[in-house]
Amino acid sequence: MVDVESEVPPLPPRYRFRDLLLGDQGWQNDDRVQVEFYMNDNTFKERLKLFFIKNQRSSLRIRLFNFSLKLLSCFLYIVRVLLDDPSREHGCKELNRACSNQSYIPAAIDWRPIIWVNRSLPLWGLQVSVAVISLLETILLSYLSYKGNMWEQVLRIPFLLEIINAIPFIITIFWPSLRNLFIPVFLNCWLAKHALENMINDLHRAIQRTQSAMFNQVLILISTLLCLIFTCICGIQHLERAGNKLTLFDSLYFCIVTFSTVGFGDVTPKIWPSKLLVVIMICVALVVLPIQFEQLAYLWMERQKSGGNYSRHRAQTEKHVVLCVSSLKIDLLMDFLNEFYAHPRLQDYYVVILCPTEMDAQVRRVLQIPMWSQRVIYLQGSALKDQDLLRAKMDDAEACFILSSRCEVDRTAADHQTILRAWAVKDFAPNCPLYVQILKPENKFHIKFADHVVCEEEFKYAMLALNCICPATSTLITLLVHTSRGQEGQQSPEQWQKMYGRCSGNEVYHINLEESVFFAEYEGKSFTYASFHAHKKFGVCLIGVRREDNKNILLNPGPRYIMSPSDICFYINITKEENSAFKKQEQHRKNHSSRSFYHGPSRLPVHSIIASMGTVAIDLQDTGCRSGGANLTLPSEAGKEVRRPSIAPVLEVADSSAIHTCDLLSDQSEDETTPSDEEVSNGLEYLKGYPPYSPYIGSSPTFCHLLHEKVPFCCLRLDKGCQHNYYEDAKAYGFKNKIIIVAAETAGNGLYNFIVPLRAYYRPKRELNPIVLLLDNPLDDLLRCGVTFAANVVVVDKESTMSAEEDYMADAKTIVNVQTLFRLFSSLSIITELTHPANMRFMQFRAKDCYSLALSKLEKKEREKGSNLAFMFRLPFAAGRVFSISMLDTLLYQSFVKDYMISIARLLLGLDTTPGSGFLCSMKITEDDLWIRTYARLYQKLCSSTGDVPIGIYRTESQKLTTSESREMASQSQISISVEEWEDTKDNKDQFNYRSNHRNSTSSDQSDHPLLRRKSMQWARRLSRKVPKHSTKTAEKISQQRMNLYRRSERQELAELVKNRMKHLGLSTTGYDEMNDHQNTLSYILINPSPDTRLELNDVVYLIRPDPLSYVPNSASSRKNSFCNAIGQDTREETQL
């Protein structure tokens, strides 16, 4: 076997160890060749080409020099004309003599003044020098531009003009007698025009300016027009040397009058060469100028589509913001403009819209309105291109708003586009403040660098959850973040619309304590004391503060918080303090005015808040606490004693013993350290702690009720049993509290923000509602999950329908599903959100509801007046049954002026938790609480006992029906038949009677009978055919049955359908009610009502309650929550990036 090593060839000589030490000696015999690259760039021609053509800056200098030479030659020609005398004979004597020997013909033209001119020697020297330099430069550039075709270079018009203007001057050097020969030097103006165009192109290339087509075309048009006029002036003047002997000014006058088609006729050419030149110039103008104007018009139209540029001078002298969107819709544009320009200090700002799509017709019409055309600039371009950001002058902008397209099917893809836009803007303009809207919460951490971020799904689910706890929280937040002056509904004849519209003008403002008239006197006093007395004296509601050395806002920090002069106070009022004027009146005058102008239990304030364009007058009253006295006496009833309860005063400095929960607000739940026997038997032992897992990065940890042990995944299926339990419907679980059903298309990460507020630590365990997630909502699944005894059904907008061809059809599926639930279960509390606010009018739609039609007319009137809240009087929105997440776009817009609005909204919704900050909750006014009587006394009671701060009232009133509607309701209430009477006798135990309560269904309308009614009639007819004719009693019975089926209301048919379906599914119908329709009630919100507002039964008061953990001693807290804290610590560690 051959050795393997012997087959390895020896190393070449240069790789030997000896060569490494002594150097390679065999390189002389090597075949390597040294190659030099780019040798053609080192030639003389290439170096000249690099200097004259390729190099941008040197080429620009050459073009500028050439342009200057052409202008100089034209200037020298004008000087020659001004110094010339046409009456003198100049030029070659021999030629002049030959011309004089010719016989005189009167009609003949004297060509000598045309051929010869007077040119002085210095002038001739300058013109010859300019001609020689121009000719040499032209020859050099033609040589450098030569590409193999000589005739292509020679026959170019600029080259021919250069030859015509330069060669004759060079000839005069060698033939002095021709020195006075006429040379058309004025044609150099066309060479100057050509040099100017090349110079501008090199200038744009040097400064990287690409958007210059419009500028170039305008420059070409102007230069062409000037060249035509200059050529005509010089040509007419020279040819008329043999005619009228016109001056340059006369020629200018003639050309302007001729080209403007005025044609006075006082100056006209006399000889045919002049006339021929005029004809030629007019023909050239008629051919050249329309082409130039057409190109200019085309570029102008294209520029109108793309928007052009935002002026650099305007960007440096005026302030502007940039709005970046993927597609601009008219609703989004008007919401932004109305909200942005609602603030007085933003009136002088410009808005630059940067959008990649072409402006549609509606947006174009709106931007042509004078109010917007001078302040809004539309630019078609992408935020990912630096050129477009430069056009928008992003580096000089005061802010950049980046909005997501919520109508996209793939909302994650829409977020990805938003993230890229935010990155691009941050890279181009690092100092520009960013206001970003994101759709999905899991994408938030990509834009943590933004100054303000609003996540749509976070706010959406949080408002849906709080609507289940505090009714109409979505309406409360929407009204707070909208800019309004509270003038909506003031012309309405109904009192509730006036009060509701008036209170909707309340917004959140801020002011420094030591600079405030409202709060300066409360320095060194407790927060609750300042809040109560400020509301009593000025009608403002102090809701939070922020220390000077702390960025965190504290909502109602409680009575232990002492106000300091450097605190920033946040308050709710009809306008900010800076726009208020104060006047003090006598107490008896105020009492007299209150009795004169306002009547009824829901009258407006005595100390009126009179809003105008910029000023609010607030009546002051005595700040002294009113004693209990007879005003606190409970209404006397038969057999009961009269008692005089009193309300404790609000202390200036908190007393620990005074902080307790009074009977009014008692939320007494069982001791949470000792679970009840039933909870132990069911295995439901709760503890308080932080959720061990976070669904996305960036979620705020919230203290919640948790189970000791994680529930198996199989037990989460409500409709299927498992080895741990055998329940298959919600009724079998035997829940103590009513359930909350969430009907969604997918279980996204945003549901985390729905569950957390419902499981927050400050909610008593006995009030926790079971939550059922329904990913599809057919009737069978709704019945299984307990819709008949549900507290609320939350319907989330369907993402699959958001990209409908017609924008407003994006909510079609959600609206129809909600309407179906409303018709089947009319008393069910249904809460939903829509994409477009205009679609809220279809919620709980009744075609024959006269009251809804009246509200529709009111909405149109408010919209005509320019209101941004025209939809606020729709009953579903006012009651908090529906809201549109697009309304919260204004939250992002307002944060430009009020940078604290997003933080306050997140604290109110429970999205963020700050130690020491309170939370939003509610309480209901019962009969035992009516002794308090007024909102001011309730404010005092809450501040003195529990430290709560009320911010508004949710009121429900009975809706007045018209006479025809009342008569219709009465007639239908008399129609009641037994459906179970016609079924098998074995089901007699489930028999029930149906009642008709729907005011829109009439017994005389046959065209609206549904399919079920027609089937029932057909069934009755078949029964009548089968009955023997001799059976008179049976026939009468069937006839009566048919009549009853015919007269049965739609409400009864729907109830029968639901009950039959429940029986088919094996569900018990015990306790099922026909779910009376609440159409005769209306609900609305009063934000920061006046102190004199009367409390009514079933009023729900919105409270900002202090943080309960701030009152818990450290020992008790550590003893009760030691296990919870460990969980929270693990959570914080796991959610770090």
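This report walks through salt bridges in the structure above.

The model is predicted, so local features need pLDDT of at least 70 and side-chain atom pairs count only at pLDDT 80 or more, while totals for chains, interfaces and linings use all residues. Residues are numbered from 1 along each chain as its sequence is written, and side-chain values use heavy atoms, with hydrogens and water left out.

Side chains of opposite charge can pair when their charged atoms come close. Here a salt bridge means a side-chain nitrogen of Lys or Arg within 4 Å of a carboxyl oxygen of Asp or Glu. By this rule the count is 19 salt bridges, and the table shows some of them.

| Pair | N to O distance |
|---|---|
| Arg241 and Asp84 | 2.3 Å |
| Lys444 and Glu458 | 3.1 Å |
| Asp567 and Arg547 | 3.1 Å |

Let's start with Arg241 and Asp84, joined by a salt bridge. They lie 157 residues apart: Arg241 is in the loop between helix 10 (213-239) and helix 11 (248-259), and Asp84 in the loop between helix 3 (56-83) and helix 4 (93-101). Helices (H or I, at least four residues) and strands (E, at least two) are DSSP runs, numbered from the N terminus.

How exposed are these partners? Buried means under 20% relative accessible area, exposed over 50%, and partly exposed in between (1.4 Å probe, protein chains only). Arg241 is buried at 3%, and Asp84 is buried at 11%.

Next, Lys444 and Glu458 are both buried. Salt bridges with shared partners join Lys444, Glu458, Arg906 and Asp912 into one network.

Finally, Asp567 pairs with Arg547. Asp567 is buried at 0%, whereas Arg547 is partly exposed at 29%.
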